[in-house]
Amino acid sequence: MNPGQREVVLAFRMPEETKPVENQVAPTTGESSFAALGVCAVLCDACRLLNYREPTPIQREAIPAALAGKDIVGLAQTGSGKTAAFAIPILQFLLEDPRPYFALVLSPTRELAFQISEQFLALGSEIGVRVATLVGGMDMVGQAVTLAKRPHVVVGTPGRVVDHLTATKGFTLKHVRILVLDEADRLLNMDFEEELDQILAAVPRSDADPSKGETFARKTYLFSATMTSQVAKLQRASLRSKETVRIEVSAKYSTVETLVQHYLFIPEKYKDCYLTYLFEELVARHSCIVFTDTQSSAQRLALMLQNLGYGAVCIHGGMSQPNRLGALNQFKSGEKHILVATDVASRGLDIPLVDFVINYDIPPHGKDYIHRVGRTARAGRTGRAISLVSQYDVELFQKVEKLLGRQLEALAGVQQEHVLLLLDRVSEAARLAVQEIREEKLVLHAAARKRRIPAGASVSRRRRRS
Ligand code: AMP
């Protein structure tokens with residue numbers, strides 16, 4: 001043990017009454033308890049505090065396998081509880097052997113990275129786990145300071161992890177014992193292949209050979225919603241094939257049973273009006289994500305709903321990272337109950353207790369529908385999804401139904417004459433929204449023009465002054 005490691009052992013608060021891990025297992029309360037999976041008492045307590053009454057299917061399979069030292073390939077959709085499925089074993093290993101940079105978790109998006117870190121902190125709050133979150137769009141220096149505190153777990157997007165590897169003095173992945181590749185299919189879809197290669201080259205090997213003085217083999221947990229050929233390639237490159245447990249908890253493209261899905265066939269020109277009607281009559285003050293296809297539509301709808309008196313915010317890829325996080329936090333805290341989002345928010349975001357998902361636009365790819373509606377009915381809860389299908393969307397929607405393997409039902413009881421009673425109010429709110437966007441653009445344009453005063457002009461002004 002080197003001096004640095006000793007310092008971390010001391011910093012990692014071990015509750016007085018929970019010394020050897022073997023003795024920590026909480027009383028078994030049945031086949032389906034966390035304790036029965038071998039989870040130690042302090043982490044069982046953390047699960048209880050988070051209201052995790054019993055393990056989800058992925059947790060039931062993955063936790064014992066991970067605790068037995070296996071590599072894991074988990075095919076699971078978001079909402080299945082997969083984050084805790086890898087976080088709980090990692091925290092339990094850390095309790096036994098607390099060391100800095102013990103685990104590296106790679107996530108395809110910044111938002112997901114923050115959520116993973118939050119779950120580590122929530123589950124590990126009693127044991128003083130230190131987590132660093134390394135994502136783009138945020139200050140490198142602040143992240144370097146967190147790294148200097150020798151975190152136990154590093155969560156990050158591949159690009160920013162590589163940036164720190166090259167730029168941050170003292171940051172190394174040489175001590176990583178567990179590498180988690182979360183949403184591996186997306187990591188690869190988002191062209192992170194090069195960064196992943198660099199990271200795989202920087203972490204300890206998974207097939208370490210003690211005869212060559214290599215003391216430990218890195219373990220890998222790979223989670224993915226789909227097993228594409230690219231993911232299979234990554235699996236071959238990063239996992240010890242003989243030591244791997246493969247877990248699949250959901251059908252390839254399915255939605256959970258607790259999700260009630262409907263569509264509403266509507267004329268395109270009254271889309272805004274139907275959307276508002278759904279809020280008036282059905283959604284009311286419940287939490288709801290409205291999915292749209294474009295950034296401008298997300299912005300326009302959020303403003304329109306605000307003009308109608310609803311608490312709405314939008315999130316899309318064109319927003320700065322702090323603005324995106326701000327909007328997400330307003331939604332998560334319940335300050336706003338409607339989130340209007342593009343597909344940037346459709347996967348990986350852990351937004352608990354979303355009661356409704358509304359597809360304002362039908363996504364061009366059926367898989368995106370599955371990911372969008374996966375924002376509700378998570379972890380055993382019920383939820384509702386409603387898709388607005390206009391005369392132009394019929395073909396796209398049929399593709400979705402084909403992927404789901406069944407036809408969805410129309411939402412009953414909606415009469416157009418009732419919907420159109422809202423038309424004047426909605427049209428005015430939509431008109432104001434467009435005007436607000438135009439005015440905001442003009443202000444931004446003017447500010448940009450001011451900043452762009454040619455170099456020569458400022459020099460001559462300075463000369464004039466002097
Ligand atoms: P994930 O699939 O990791 O995105 O998790 C989805 C949501 O389920 C998160 O809000 C978790 O806090 C929650 N969760 C995880 N495990 C459980 C469990 N065993 N019981 C209830 N909720 C859970």
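## Model and confidence

The structure is a predicted model, in which local features need pLDDT of at least 70 and side-chain atom pairs count only at pLDDT 80 or more, while totals for chains, interfaces and linings use all residues. Residues are numbered from 1 along each chain as its sequence is written.

The protein chain has an average pLDDT of 83, and 84% of the residues score at least 70, where pLDDT is the predictor's confidence in each residue, on a scale from 0 to 100. Residues 1–30 have a pLDDT below 50, and this stretch makes 42 contacts in the model beyond near neighbours in sequence, a contact being two residues whose C-beta atoms, placed from the backbone, lie within 7 Å. Residues 455–466 also have a pLDDT below 50, with one contact in the model beyond near neighbours in sequence. Where pLDDT is low, the predicted coordinates should not be read in detail.

## The sheet from β1 to β7

Helices (H or I, at least four residues) and strands (E, at least two) are DSSP runs, numbered from the N terminus. Seven strands form an open sheet with parallel pairing in the order β3-β4-β2-β5-β6-β1-β7, and two strands are said to pair if DSSP finds at least two bridges between them. At the edges stand β3 (131–134) and β7 (244–248), each of which pairs on one side only. On average, and with direction ignored, neighbouring strands of this sheet are turned by 10° against each other.

Strand β3 and strand β4 (residues 153–156) are joined in the parallel sense over four bridges, and V131 has V153 in β4 as its bridge partner. Helix α7 lies across β2 (103–106), β3 and β4, and runs at about 105° to β3; here axes are lines fitted to C-alpha atoms, for helices over the stretch in contact, and angles run from 0 to 180 degrees between N-to-C directions.

## The sheet from β8 to β14

Another open sheet of seven strands, with parallel pairing, has the order β10-β11-β9-β12-β13-β8-β14. Its edge strands are β10 (312–315) and β14 (409–410), and each pairs on one side only. Strand β9 (residues 288–291) and strand β12 (residues 356–359) run parallel and are joined by four bridges, with I289 standing opposite V357 in β12. Helix α11 (residues 271–283) packs on the sheet and touches β8 (259–265), β9, β12 and β13 (383–389), its direction making about 160° with that of β13.

The axes of helix α3 (residues 57–67) and α4 come within 9 Å and cross at roughly 25°, so α3 and α4 are roughly parallel to each other; angles under 35 degrees count as roughly parallel, over 145 as roughly antiparallel, 65 to 115 as roughly perpendicular and the rest as oblique. The crossing of α3 past α4 is right-handed, a crossing being left-handed if the near helix is turned anticlockwise from the far one by less than a right angle, and right-handed if clockwise. In this packing, residues of α3 including I58, A62 and I63 meet residues of α4, among them A85, F86 and P89. The contact of α3 with α4 has ten nonpolar, two polar and one charged residues, where Ala, Val, Leu, Ile, Met, Phe, Trp, Tyr, Cys and Pro count as nonpolar, Asp, Glu, Lys and Arg as charged, and the others, Gly among them, as polar.

Helix α4 (residues 82–96) also packs with helix α5 (residues 110–123), at an angle of about 50° and with axes 10 Å apart, and the two helices are therefore oblique to each other. Helix α4 passes α5 in a right-handed crossing. T83, A84, A87, I88 and L91 in α4 meet I116, Q119, F120 and L123 in α5, and the residues of this contact divide into seven nonpolar, two polar and no charged.

## Helices α7 and α9

Helix α7 (residues 158–167) and helix α9 (residues 193–202) pack at an angle of about 50°, with axes 9 Å apart, and are therefore oblique to each other. Their crossing, in which α7 passes α9, is left-handed.
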